[in-house]
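I opened this entry to keep track of what I looked up, item by item.

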Amino acid sequence: MSILPPLPERMRPKTLDEYVGQKHLVGPNAVLRRMIESGMVSSFILWGPPGVGKTTLAKIIANSTKSPFYTLSAVTSGVKDVRDVIDRCKNDALGVFSTGRPILFIDEIHRFSKSQQDSLLGAVESGIITLIGATTENPSFEVIRPLLSRARVYTLQPLDSTDLQVLLDRAITTDEVLSKRDIKVEETTALFRFSGGDARKLLNILDLLEQSVAYGKPLVINDKNVIDCLQENPAAYDK
């Protein structure tokens, strides 16, 4: 029996129409939607708090444009890793099977040193890669000016209660595990409060709630059950 991935990964959107939140960027006629639909994606940096869809948006863009997609984490990658990926992107750009320019997604780009950021400049400038960076820190202070001049910055907002409600309803009705459970939603105040506008937190809490109730018994979502569950599993949320 295969082990299922956590709920946030199971519920990760694969298309722009499934994406929740950030209407100012991906809503009708918004800047990123126009960019994706035209297939002309330029380099940019996504700035916003955790769990608001930065990585998901980058993957959707790659899928929509049929572009080769590479990911680096600024926490674990060095200059050599950057150069290796750029070399692979050069080969992809010469290939006959890909239809879009290779996309290099760098998570936590604010953690890249100046020399690491410098190593990206030539590839971004020459169009070898489309750079998509993600950061929780203000890029104006954490990203070097030459890179900022080559990449637009788009700000993502915490999800509001309407967005969180959409995620909750979708998870309950479409997830392969939750859709088979008898779930009754009585209250969402505590669930949304502890989520703090973070989709990943919301789904992790929902995952914990599901696991805390034996299969075959009704799963009731209310403030008391959410608080009790989180007191037993404090790692599910933080300040």
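I listed the contacts of R10 in this predicted model, setting aside residues up to four places away in sequence. R10 touches L4, P5, D175, E176, V177 and D207. I placed R10 in helix α1, which covers residues 7-10. Is R10 buried or exposed? I read a relative accessibility of 17% for R10. The cut-off for buried is under 20%, so R10 counts as buried. I then looked at the polar side-chain atoms of R10 and found one lying 2.8 Å from the backbone oxygen of P5.

What does L164 contact, apart from its neighbours within four places in sequence? I noted L159, F192, S195, G197 and L202. I also checked L164 against T189, 25 residues apart along the chain, and found their C-alpha atoms separated by 11 Å.

Then the sheet. I traced five strands in an open sheet, in the order β2-β3-β4-β1-β5, and the pairing is parallel. Which strands are at the edges? They are β2 (69-73) and β5 (152-155), each of which pairs on one side only. From one strand to the next I get an average twist of 20 degrees.

I looked at one pair in detail. Residues 103-107 form β3 and residues 130-135 form β4, and the two strands pair in the parallel sense over five bridges. For I103, I found the bridge partner in β4 to be T130.

I asked which strands helix α4 lies across. Helix α4 (residues 54-65) lies across β1 (44-47), β2, β3 and β4. Against β3, I recorded that α4 runs at about 175 degrees.

Last, I took up a helix pair. Two packed helices are described by the angle between their axes and the distance between the axes. For α11 (residues 199-212) and α12 (residues 223-232), I noted an angle of about 90 degrees and axes 10 Å apart. The angle makes α11 roughly perpendicular to α12. Which residues make the contact? From α11 I listed I205, L208 and L209, and from α12 I listed N225, V226, C229 and L230. Sorted by class, the contact of α11 with α12 has six nonpolar residues, one polar and no charged ones.

Note on methods. Residues numbered from 1 in each chain as written. Predicted model: local features only at pLDDT ≥ 70, side-chain atom pairs only at ≥ 80, totals over all residues. Heavy atoms only, no water. Pairing = 2+ DSSP bridges. Helix = DSSP H or I, 4+ residues; strand = E, 2+ residues; numbered from the N terminus. Axes fitted to C-alpha atoms, helices over the stretch in contact; angles between N-to-C directions. Contact = heavy atoms within 4.5 Å. Parallel < 35°, antiparallel > 145°, perpendicular 65-115°, else oblique. Nonpolar A, V, L, I, M, F, W, Y, C, P; charged D, E, K, R; others polar. Buried < 20%, exposed > 50% of the residue type's maximum accessible area, 1.4 Å probe, protein only. Polar contact = N/O pair within 3.5 Å; in protein donor to acceptor, adjacent residues only side chain to side chain.
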